[in-house]
Amino acid sequence: MDYATLLQILDSTIRLGTPLLLACLAGLYSERAGIFDIGLEGKMLAAAMASGAVAAITGNVWLGLLAGIAASMIFALIHGLASITFRGNQLISGVALNFVASGITVLIAQSLFGQGGRTPPLEGAARFNPITLPFADSLQAVPILGPLYAEVISGHPILAYIAFLAVPLTWWLLYRTRFGLRLRAVGENPAAVDTAGISVTGLRYAAVAITGLLCGIAGAYMATALQAGFGREMTAGRGYIALAALIFAKWRPWQALMATMLFGLFQALALRPDVIEGVAGFKIPSAALDALPYVLTVLALAGFVGKAIPPRAGGEPYVKER
Amino acid sequence: MAKLPRWADLVLVPLISLILAALVSAAVLLAIGQSPMQALSVMFDGALGSASGWGYTLYYATSFIFTGLGVTIAFHAGLFNIGGEGQAQLGGLGVALCCLFLPWPHWTVALVGASLAAALFGAAWAAIPAWLQAKRGSHIVITTIMFNYIAAALLIYILGEVLRPVGSMDPASARFPADLGLPHFHEMPILRDLFVKYGPDGAVKLNAQGLPVYSRVPANITFFLSLVAAFGVWLLLWHTRLGYEMRAFGKQEKAARYAGISAFKIIMVAMLLSGALSGLMAINNVMGQAERLLQNSAEGAGFIGIAVALMGRNHPLGVVLAAILFGFLYQGGAALGLNTTIPIELRTVVQGLVILFTGALNYMVTMMLAWIFSVGRARGAN
């Protein structure tokens with residue numbers, strides 16, 4: 001494999017890893033606050049449809065992004081209502097909302113555009129286009145680092161850079177602010193937070209709303225940056241891969257970055273069977289690469305790759321008095 | 001919280017959840033400019049309006065009974081098995097290997113063999129998550145989700161590279177020998193009389209040999225097997241020591257452990273049975289209908305099992321009724337896709353809403369009912 005191919009693969013790793021990263025961080029907030037969310041997939045899908053549709057109608061991708069975030073927030077609020085207010089089963093609520101999203105996106109896209117559940121192809125200002133970072137062209141001549149900067153680091157849509165910035169931001173928010181301490185506490189021991197006079201409900205709704213926001217960006221990235229428009233089931237299990245990455249990362253932001261980029265790399269490699277064959281010397285079925293994130297997650301869960309221990313109060317509705 | 005009478009909990013809660021799901025779906029239809037009443041009448045016509053509609057509805061229901069029972073049995077042991085989809089696909093693989101590579105003298109023998117294979121493969125696919133939960137404490141929900149994806153990847157590989165006949169482009173196995181086909185409703189004596197076709201003059205349509213012509217339906221003998229399975233699950237859960245242990249473990253794990261019930265045994269047995277039941281679904285769709293193994297053979301039935309179990313209040317009888325309801329939804333949804341401009345995905349929305357209202361917002365529904373009952377009681381007292 002030559003350097004140019006390596007750069008191509010790293011570039012697609014970032015391209016494909018970005019939605020995983022956003023969704024993974026989204027899940028991190030919710031689960032750290034004690035609300036399991038297997039509905040990341042559905043929120044991304046709803047956001048992808050809403051952003052694709054609004055961008056197609058208005059021709060403005062920023063309005064599309066807002067619509068995507070709004071759609072994802074609505075799903076997040078329903079999940080919050082079921083799991084916080086009505087103390088329902090969080091896992092079942094997530095599963096249910098995934099189904100609702102899977103169906104309703106097609107229903108709406110079909111009734112709006114009549115193109116078999118797709119939105120029309122987006123172009124120009126209706127998409128997030130790649131940004132060339134400063135000096136990318138002039139540094140091109142620098143050996144090794146120049147092409148790395150120009151090909152891999154530069155040339156992604158703004159949402160990708162937002163995703164990467166969200167990692168240190170999340171770290172800072174979780175570990176260096178009062179809100180973060182409370183958020184983590186409410187996922188471990190909500191009764192203690194309650195005793196301190198802080199609203200468990202309020203914190204959990206805040207966390208779920210942040211999850212909605214980030215999933216919204218992830219979905220908008222899918223429909224308006226990674227691809228040019230919404231197509232049915234376009235998230236293709238990415239919400240579950242993000243969930244897997246979250247467990248693999250043991251619910252920590254920097255590790256989430258590593259895990260999602262690793263899983264992004266698998267996806268990038270699955271698209272390039274020629275490269276794998278050249279490096280490994282034999283043919284690896286692409287299905288094996290598709291399955292790899294899930295296998296790794298199972299191993300992580302089983303404690304073979306370090307023990308993954310979820311937030312202690314995760315999945316448990318908080319009841320003030322018994 | 002006020003307690004509801006038992007009948008209300010069993011009948012009213014699912015019924016109200018269903019009505020709420022239907023109302024929300026109707027609102028969605030109105031929002032996209034369609035008529036809910038028209039949709040409902042097309043669904044009724046397509047699924048229940050004719051014998052052949054019933055033939056499809058019961059075919060889907062058969063699959064859902066199996067996967068619903070699978071979810072139910074795990075639920076009773078306090079385990080949420082989302083892996084029915086993967087287990088059903090692996091069950092399909094078992095059926096395919098069994099039908100393709102073993103010589104069977106007669107379909108009846110093959111049915112027994114294929115059922116064992118389907119159950120075995122489904123159980124095997126549930127065994128790893130079960131073991132990981134029992135021994136290493138990995139959350140069963142997450143591992144079974146992961147195993148669904150691993151199963152999908154495995155089948156893509158097996159169908160694309162191993163079982164695909166030489167020269168074929170489809171990622172599917174070869175056809176099973178024709179003599180292994182299971183009898184469908186329209187091929188069974190007596191039952192087939194329901195499916196006779198009538199000519200425009202109202203007379204029975206006859207073929208060249210002067211025999212009546214029947215409409216072909218996919219519902220097959222597996223439907224009766226699924227009813228037997230439902231009865232078996234009921235016997236197991238409420239009339240055996242093992243069933244008692246499972247329910248005790250599901251209700252109060254600590255107490256069950258203290259009473260000497262082995263957590264390892266219960267988790268393994270419950271998940272193996274759950275996987276076996278989901279796997280058995282493959283008899284219906286793979287052996288009974290497709291007669292070869294296709295990619296994504298379970299077509300989401302594993303997930304519908306969750307809705308069916310919740311709607312059926314985790315009771316085998318409820319599961320059978322809920323499965324027929326979802327069979328109606330599936331066949332009716334297909335009729336919508338064919339005869340109207342409403343996309344077939346409406347059924348996914350309804351399915352999601354039913355799961356939401358019965359499984360996650362059940363407390364809301366119960367609270368509503370409890371309030372209504374308390375108002376009623378107050379009136380009665382006056």
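## Chain A overall

Of the 322 residues in chain A, 53% are buried, in what is a predicted model. The secondary structure of this chain consists of 13 helices and zero strands, so that reading along the sequence gives one α element after another, in the pattern α-α-α-α-α-α-α-α-α-α-α-α-α.

The radius of gyration of chain A is 20 Å, which agrees with the value near 20 Å that a compact globule of 322 residues would have. Along the principal axes, the C-alpha atoms of chain A fill a box of roughly 65 × 50 × 40 Å. Among contacts in chain A with a separation of 6 or more, 76% are made by residues 24 or more positions apart.

## Helix α2 of chain A

Helix α2 of chain A, covering residues 40–58, has 19 residues and reaches 27 Å from its first C-alpha to its last, close to the 27 Å expected at 1.5 Å a residue. This helix is mostly covered, with 17 of its 19 residues buried, and just after α2(A) the residue A:G59 takes a positive phi of about 75 degrees.

A:W251 counts as buried because it has 22 C-beta neighbours inside 10 Å, where the cut-off for burial is 20 or more.

In chain B, the loop between α10 (263–290) and α11 (301–311) holds B:N296, which is not a glycine but has a positive phi of about 55 degrees. With 14 other C-beta atoms within 10 Å, B:N296 is partly exposed.

Methods:
Residues numbered from 1 in each chain as written. Chains lettered and ligands numbered in written order. Predicted model: local features only at pLDDT ≥ 70, side-chain atom pairs only at ≥ 80, totals over all residues. Helix = DSSP H or I, 4+ residues; strand = E, 2+ residues; numbered from the N terminus. Expected span 1.5 Å × (residues − 1). Buried ≥ 20, exposed ≤ 12 C-beta atoms within 10 Å, placed from the backbone. Rg over C-alpha atoms; globule rule 2.2 N^0.38 Å. Contact = placed C-beta atoms within 7 Å.
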